[in-house]
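Visitor: I have a chain open here and would like to walk through it. Can we start with the overall picture and then look at single residues?

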Amino acid sequence: MSMKNIVKKVLPISVFECIKRVANGSLALYEMTIAQAHRYSKAYAKYDSKDAHQIAARMTFFTHQIEKGLSHSDFRYGFGHRPLQYLKHSMERYQRADAGYATSTVYQSALAALHEYAMRHEGHAEEFAFARSLFPESVWGAAAQVSANYGGSITITAESKLRNKKLSFNELLRNRHSIREYDKSALSFEEIKPAIELAMRTPSVCNRQPSRVKVILDPERIAEALSIQGGFRGYVTPPALILITADNRSFMTPQEHNEGFIDGGLFGMSLLLALEEQGLAACPLNTMFRPNAEKRTRKLLNIPNYENFVMYISVGHFPESAKTCRSKRLSISEMISIIQ
């Protein structure tokens with residue numbers, strides 16, 4: 001059959017088909033976005049939330065802020081007035097929202113962080129006075145009774161990390177910690193490259209591999225990027241900063257508009273474990289920017305609009321010794337539902 005005859009057999013797209021394609025394309029995308037925004041608006045943890053899960057999320061956030069302050073090598077006595085106030089507010093609301101609050105992991109983590117805060121301020125009564133007066137004696141008494149394994153900080157040594165290459169996956173996952181302070185030595189791309197190559201084995205939707213990796217080694221650009229990001233204040237600029245993005249050109253339907261965050265998150269976890277296995281210290285940092293911060297970051301790092309930010313990862317060599325957040329995980333019973 002000639003090409004001319006083939007062309008004749010191709011039917012033109014009907015008006016109905018055109019309308020259907022538009023409805024299943026752009027209109028469907030906006031509809032899903034609005035529905036998603038509506039669900040999120042009802043669910044996320046606001047200041048005045050009454051749901052126990054929402055309050056627990058806020059309590060965990062402010063507990064972690066206290067833990068980060070406890071993990072600083074340059075410890076600042078009396079730190080954290082604002083997060084301490086928010087933590088108190090969350091703990092009080094949680095007590096009213098959950099009758100079993102005293103035995104929950106998140107509440108005990110908050111108590112453990114407060115106890116270490118108190119212990120670290122022994123001999124510094126003036127700097128501790130604000131926190132001391134903020135919480136009632138019953139809270140400080142309960143904090144003194146809770147296991148230190150639930151919160152606060154933990155010390156990691158470079159010597160302990162020399163064994164990483166010999167660890168099983170189970171051991172590697174259990175021993176990985178987020179490290180925010182690094183050895184002063186420089187870090188080269190060649191040292192990071194093997195971990196990235198290993199992370200490229202991460203599965204992605206239909207093997208479309210949307211993850212993109214930007215390795216930033218220029219100290220000034222790293223400092224400016226983290227200044228915009230805002231969550232790394234108080235720490236020395238890391239030797240390297242990795243940005244993971246997701247290329248939206250990899251996707252085909254409106255239903256996949258969030259897929260890049262899923263695939264990019266999977267890639268990020270693989271990379272964190274691979275860096276750990278390579279003997280490098282790292283910490284994931286969020287890139288959920290407000291519009292102005294996103295615009296400034298795109299300009300600074302030359303990120304095209306078709307790529308979504310997934311996460312930063314700060315990277316460096318392990319110092320001889322560093323404190324990090326203990327960050328107690330929930331129990332399995334607090335996370336799992338069995339559907340039969």
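Visitor: What percentage of the residues of the chain count as buried?
Guide: The model is a predicted one. Of its 340 residues, 41% count as buried.

Visitor: How many helices and strands are there?
Guide: The chain has 13 helices and 6 strands.

Visitor: And what does the C-alpha trace span along its principal axes?
Guide: About 95 × 50 × 45 Å.

Visitor: What share of the contacts with a separation of 6 or more comes from residues 24 or more positions apart?
Guide: Such pairs account for 79% of those contacts.

Visitor: On to charges. How many positive and negative side chains are there?
Guide: There are 43 positive and 33 negative side chains. The centres of the two sets lie 8 Å apart.

Visitor: How many salt bridges does that give?
Guide: The count is 8.

Visitor: Take Glu-116. Which residue does Glu-116 form a salt bridge with?
Guide: Its partner is Arg-120, with the closest N and O atoms 2.9 Å apart. Both residues belong to helix H5 (residues 105-120) and sit 4 residues apart, about one turn of the helix.

Visitor: Is Glu-116 buried or exposed?
Guide: Glu-116 is buried, because its relative accessible area is 15% and the cut-off for buried is under 20%. Arg-120, at 22%, counts as partly exposed.

Visitor: What about Arg-132, which residue does its side chain meet in a salt bridge?
Guide: Glu-137, at 3.2 Å from N to O. Arg-132 is partly exposed at 37% relative accessibility, whereas Glu-137 is exposed at 52%.

Visitor: And which side chain meets Glu-307 in a salt bridge?
Guide: That is Lys-214, with an N to O distance of 2.9 Å. This pair links distant parts of the chain: Glu-307 is in strand S5 (residues 307-317) and Lys-214 in strand S2 (residues 211-216), 93 residues apart.

Visitor: Changing topic: where is Ser-49?
Guide: Ser-49 is in the loop between helix H2 (15-43) and helix H3 (52-70).

Visitor: In a loop, then. Is Ser-49 buried or exposed?
Guide: Ser-49 counts as buried, because its relative accessibility is 7%, where under 20% is the cut-off.

Visitor: Which residues does Ser-49 touch, leaving out those up to four places away in sequence?
Guide: Tyr-44, Gln-54, Ile-55 and Arg-93. The side chain of Ser-49 also reaches the backbone nitrogen of Lys-46, at 2.7 Å.

Visitor: One more loop residue, Met-288. Where does Met-288 lie?
Guide: Met-288 lies between strand S4 (280-286) and helix H13 (291-301), in the loop there.

Visitor: Is Met-288 buried or exposed?
Guide: Exposed, because its relative accessible area is 56% and the cut-off for exposed is over 50%.

Visitor: What is Met-288 in contact with, leaving aside neighbours within four places in sequence?
Guide: Met-288 contacts Phe-309 and Val-310. Its C-alpha is separated by 12 Å from that of Thr-245, which is 43 residues apart from Met-288 along the chain.

Key
Residues are numbered from 1 along each chain as its sequence is written. This is a predicted model: local features need pLDDT of at least 70, side-chain atom pairs count only at pLDDT 80 or more; totals for chains, interfaces and linings use all residues. Side-chain values use heavy atoms; hydrogens and water are left out. Helices (H or I, at least four residues) and strands (E, at least two) are DSSP runs, numbered from the N terminus. Buried means under 20% relative accessible area, exposed over 50%, partly exposed in between (1.4 Å probe, protein chains only). A polar contact is a pair of N or O atoms within 3.5 Å; within protein, one must be able to donate a hydrogen and the other to accept it, and residues adjacent in sequence count only if both atoms are side-chain atoms. Contact means heavy atoms within 4.5 Å. Lys and Arg count as positive and Asp and Glu as negative; His and the chain ends are not counted. The place of a charge is taken as NZ of Lys, CZ of Arg, CG of Asp or CD of Glu. A salt bridge is a side-chain nitrogen of Lys or Arg within 4 Å of a carboxyl oxygen of Asp or Glu.
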